Amino acid sequence: MIPASSFSGKRVSLFGLGGSGIATARALIEGGAEVLAWDDNPDSVAKAAAVGIETGDLRGAEWSKFSGFVLSPGVPLTHPKPHWTVELARGAGVEVIGDIELFCRERILRAPTAPFIAITGTNGKSTTTALTAHILKAAGRDTQMGGNIGRAVMTLDPPTPDRHYVLECSSYQIDLAPSINPTAGILLNLTPDHLDRHGTMQHYAAIKERLVAGSETAIVGIDDSWCAQIADRLERAGRHVIRISKRLPLTDGYFADGSDLMEAVHGRYSRVAFLEGIGSLRGQHNAQNALAAVAACLKVGLDLGEIQSGLESFPGLAHRMEQVGRKDHVLFVNDSKATNADAAAPALSSFPRIYWIAGGLPKEGGIEPLRGFFPRIARAYLIGEAAPAFSATLGEAVPYEISGTLAAAVEHAARDAAKDDSGEVVVLLSPACASFDQFKNFEVRGEAFRQAANAIEGVKPIGGAR
């Protein structure tokens with residue numbers, strides 16, 4: 001735990017008592033703050049009280065006595081309208097912050113030179129965070145990973161000068177972290193997302209920009225116009241900017257040339273790393289993730305040999321194009337985290353011949369946006385509530401069956417793929433749907449796929465499989 005000593009001797013209010021909220025309240029108490037916490041869910045309030053956190057309805061609190069208000073990132077700050085606690089805090093002139101802000105303040109107090117890499121973007125955040133942390137750990141660095149992935153930030157070990165932090169940051173978390181100041185800030189990409197919480201694309205992009213604007217070095221993917229404009233704006237403001245591109249040769253920065261990761265300095269190119277043969281980093285989207293990780297790791301002092309070794313040993317992120325098993329020429333890939341069409345596109349673009357398991361609780365738009373990948377699909381196996389609608393979209397373009405259940409789909413896809421003599425093929429779970437019709441969440445769905453695949457006679461689990 002990181003004791004939040006920046007509020008020592010002060011009274012602080014807190015709203016949101018999920019796992020990270022309770023961890024944050026305990027960190028504040030450990031740091032010497034007096035905390036009054038609340039949640040709209042009575043069960044959450046009871047859990048907090050059971051571990052010694054003072055609870056009380058903040059509607060009746062004396063807000064003028066609070067030196068700060070810590071808000072869960074899951075609670076609306078601005079849109080569709082501010083939560084009632086936010087209105088009370090602002091009315092009393094109390095600063096509204098989140099747990100990432102608490103971490104940033106503790107780092108400045110305890111070890112301001114501790115290497116700190118923060119990652120955001122619409123897509124790829126989790127993989128880039130996990131990859132960066134893996135490279136650092138593999139190189140023997142004391143590394144802490146958390147934030148929007150894995151552990152709540154205040155449950156990490158306290159900052160020391162040699163301790164490296166790699167944090168995934170959502171737009172909600174950045175919005176509550178006014179002094180975020182990473183050594184290397186990464187902004188991967190921007191597409192419309194969470195607009196119900198941010199109102200407009202302009203506001204969403206402005207929040208994401210804060211992470212790189214406050215960084216010592218801003219690493220920005222420039223393959224979309226929003227991020228390209230942000231990179232230009234930061235550079236004009238005198239910030240140190242490193243541009244990355246998964247598809248365009250750059251004059252200065254880092255870019256992908258096939259499986260080679262290149263550095264450009266005033267138009268002169270050199271290879272800094274390669275992804276050839278690294279199955280966990282297959283696909284153009286992973287080239288962008290790797291470019292960002294390479295640039296960040298170089299910034300905090302790793303050498304190219306350490307970075308390449310880390311890339312090669314990266315097992316991949318669970319449920320995100322996770323290679324779980326192989327039988328002869330058939331690879332089994334768990335992409336259960338692909339809960340809509342846009343999220344399924346990277347996997348479908350990464351393999352030339354696919355036995356595709358799709359379906360579940362459908363999202364708006366279905367799989368029509370994936371039509372460009374239909375020629376790669378040897379056969380589709382449709383499950384869950386979406387099966388009838390997906391079959392109508394596939395029509396005569398792709399052979400399909402309505403398998404109904406995931407277990408049946410895996411069995412049938414494995415059987416058909418085994419008969420395919422066209423070279424390496426993949427049995428791919430990339431559902432383009434939520435899981436909630438048949439599974440508790442995408443993790444449970446992915447685990448069911450992994451177990452079903454590895455139960456097939458002759459399938460050998462792959463090292464990264466869990």
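Helices and strands are DSSP runs, a helix having at least four residues and a strand at least two, and they are numbered from the N terminus. The model discussed here is predicted.

Q: Where is Ser 280 found?
A: Ser 280 sits in the loop between strand E13 (268-274) and helix H10 (284-299).

Q: Why is Ser 280 called buried?
A: The label buried requires under 20% relative accessible area. Ser 280 has 11%, so Ser 280 is buried.

Q: What makes the pair of Ser 280 and Phe 314 a polar contact?
A: The cut-off for a pair of N or O atoms is 3.5 Å. A polar atom of the Ser 280 side chain lies 2.6 Å from the backbone oxygen of Phe 314. Leaving out residues up to four places away in sequence, Ser 280 touches Asn 286, Phe 314, Pro 315, Gly 316 and Gln 323.

Q: Which residues of H1 are buried, and what covers them?
A: The buried residues are Gly 21, Ile 22, Ala 23, Thr 24, Ala 25, Ala 27 and Leu 28. Their cover includes strand E1 (11-15), strand E2 (34-38), helix H2 (42-50), strand E3 (68-71) and helix H4 (99-110). Just after H1, Gly 32 takes a positive phi of about 100 degrees.

Q: Why are strand E6 (143-147) and E13 called edge strands?
A: The open sheet to which they belong has nine strands in the order E6-E7-E5-E8-E9-E10-E11-E12-E13, with mixed pairing. E6 and E13 each have a single partner strand, so one side of each is left without a neighbour in the sheet. From one strand to the next, the twist averages 20 degrees.

Q: What makes strand E5 (residues 116-120) and strand E7 (residues 164-168) a pair?
A: A pair needs at least two bridges. Four bridges join E5 to E7, and the two strands run parallel. Phe 116 has Tyr 165 in E7 as its bridge partner. Helix H5 (residues 125-138) lies across E5, E6, E7 and strand E8 (184-187), at about 170 degrees to E7.

Q: How do you know that strand E16 (residues 354-359) and strand E18 (residues 377-383) are paired?
A: Six bridges join these parallel strands, and the rule asks for at least two. Trp 356 has Ala 380 in E18 as its bridge partner. Helix H13 (residues 387-394) packs on the sheet and touches E16, E18 and E19, and its direction makes about 155 degrees with that of E18.

Q: What makes E18 and E19 a pair?
A: Four bridges join E18 to E19, which run parallel, and at least two are required. Leu 382 stands opposite Ile 402 in E19.

Q: Which side chains of E19 point to the buried face?
A: Glu 401 and Ser 403 point to one face and are buried.

Q: What makes phi of Met 321 worth a remark?
A: Most residues other than glycine have a negative phi. Phi of Met 321 is near 50 degrees, a positive value in a residue other than glycine. Met 321 has 5% relative accessibility, so Met 321 counts as buried.

Q: Where is Pro 80, and is its bond from His 79 cis or trans?
A: Pro 80 is in the loop between E3 and helix H3 (84-91). The peptide bond from His 79 to Pro 80 is cis, with omega near -5 degrees.

Definitions and conventions:
Residues are numbered from 1 along each chain as its sequence is written. This is a predicted model: local features need pLDDT of at least 70, side-chain atom pairs count only at pLDDT 80 or more; totals for chains, interfaces and linings use all residues. Side-chain values use heavy atoms; hydrogens and water are left out. Buried means under 20% relative accessible area, exposed over 50%, partly exposed in between (1.4 Å probe, protein chains only). Contact means heavy atoms within 4.5 Å. A polar contact is a pair of N or O atoms within 3.5 Å; within protein, one must be able to donate a hydrogen and the other to accept it, and residues adjacent in sequence count only if both atoms are side-chain atoms. Axes are lines fitted to C-alpha atoms, for helices over the stretch in contact, and angles run from 0 to 180 degrees between N-to-C directions.
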